[in-house]
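Dear colleague,

Please find below the structure that I am handing over to you. My findings follow directly after it.

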Amino acid sequence: YQRRVHGTLSECLFFFVMATFSLEVEATAANVKKIDCEAYDIVKRDAWVKIVLGDQEWKSSVEEGKLDPVWEEKHTFTVKDVNTEKLELSFFLGEKQIGTTGTYNLDGLKKGVGTYKGLAVPGGKVDISLRALDFGKDPDEEEEGADDWMSFV
């Protein structure tokens, strides 16, 4: 964002103002009942997620002994650059990370609208929801190319 500040008549200064935005993330639930705990050397079945955005990190509560935890926990992150920052989601059983870290772009979110994201992990999946609180596309705006799929006929 750019703000124009006027000094004297002969001066015109431009200051770049770094705006920050808010992203609400909800760790919803997971279901990894099909995981082979022995094959992955899992000692504790204590499920939790770690979510990272830039230098911010948040961890859900630990659901002890569950392979189908329900968290429904929310955390709000500060977003510095919607176009370049990416959210990272990791799933753990005990201290062992299960699967790879999922990475999610923020620039396609709609303002105020929850967007479901899933992370496939061995034996199941992890669900989160992202909601851009004060940034993103207008939810009433039609996306380019969002016409009826039959309109070409």
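In this predicted model, four strands form an open sheet in the order 6-3-10-9, and their pairing is antiparallel. Strand 6 and strand 9 are the edge strands, each pairing on one side only. On average, and with direction ignored, neighbouring strands of the sheet are turned by 25° against each other. The antiparallel pairing of strand 9 with strand 10 extends over eight bridges. Within this pairing, Tyr-116 has Ser-129 of strand 10 as its bridge partner.

The largest nonpolar core comprises 34 residues. Those with the most contacts inside this core are Leu-23, Ile-51, Leu-87, Phe-91, Leu-106, Val-126 and Phe-135. At least two core residues come from each of strand 3 (21-31), strand 4 (47-53), strand 6 (70-79), strand 7 (86-93), strand 8 (96-105), strand 9 (114-121) and strand 10 (124-132). Strand 3 gives the most, with five residues. In soluble globular proteins, nonpolar side chains tend to be buried together.

Leaving aside neighbours within four places in sequence, the contacts of Leu-23 include Leu-53, His-75, Phe-77, Val-79, Leu-87, Leu-106, Leu-130, Arg-131 and Phe-135.

Five salt bridges are present in the structure. One of them joins the side chains of Arg-131 and Glu-24, at 3.1 Å from N to O. This pair links distant parts of the chain, with Arg-131 in strand 10 and Glu-24 in strand 3, 107 residues apart. Glu-24 has a relative accessible area of 14% and is therefore buried, whereas Arg-131, at 28%, is partly exposed.

Lys-66 forms one with Glu-63, their closest N and O atoms being 3.4 Å apart; Glu-63 is buried, with a relative accessible area of 17%, while Lys-66 is partly exposed at 38%. The side chains of Glu-57 and Lys-59 meet in another, at 3.9 Å from N to O. Glu-57 is partly exposed, with a relative accessible area of 49%, and Lys-59 is partly exposed at 45%.

Finally, a word on confidence. The protein chain averages a pLDDT of 87, and 80% of the residues score at least 70. Over residues 1-6 the pLDDT is below 50, and this stretch has 17 contacts in the model beyond near neighbours in sequence. The pLDDT is also below 50 over residues 9-17, a stretch with 15 such contacts.

With kind regards

Methods: Residues are numbered from 1 along each chain as its sequence is written. Side-chain values use heavy atoms; hydrogens and water are left out. A nonpolar core is a set of buried Ala, Val, Leu, Ile, Met, Phe, Trp, Tyr and Cys residues joined through side-chain atoms within 4.5 Å. Buried means under 20% relative accessible area, exposed over 50%, partly exposed in between (1.4 Å probe, protein chains only). Contact means heavy atoms within 4.5 Å. Two strands pair if DSSP finds at least two bridges between them. Axes are lines fitted to C-alpha atoms, for helices over the stretch in contact, and angles run from 0 to 180 degrees between N-to-C directions. pLDDT is the predictor's confidence in each residue, from 0 to 100. A salt bridge is a side-chain nitrogen of Lys or Arg within 4 Å of a carboxyl oxygen of Asp or Glu.
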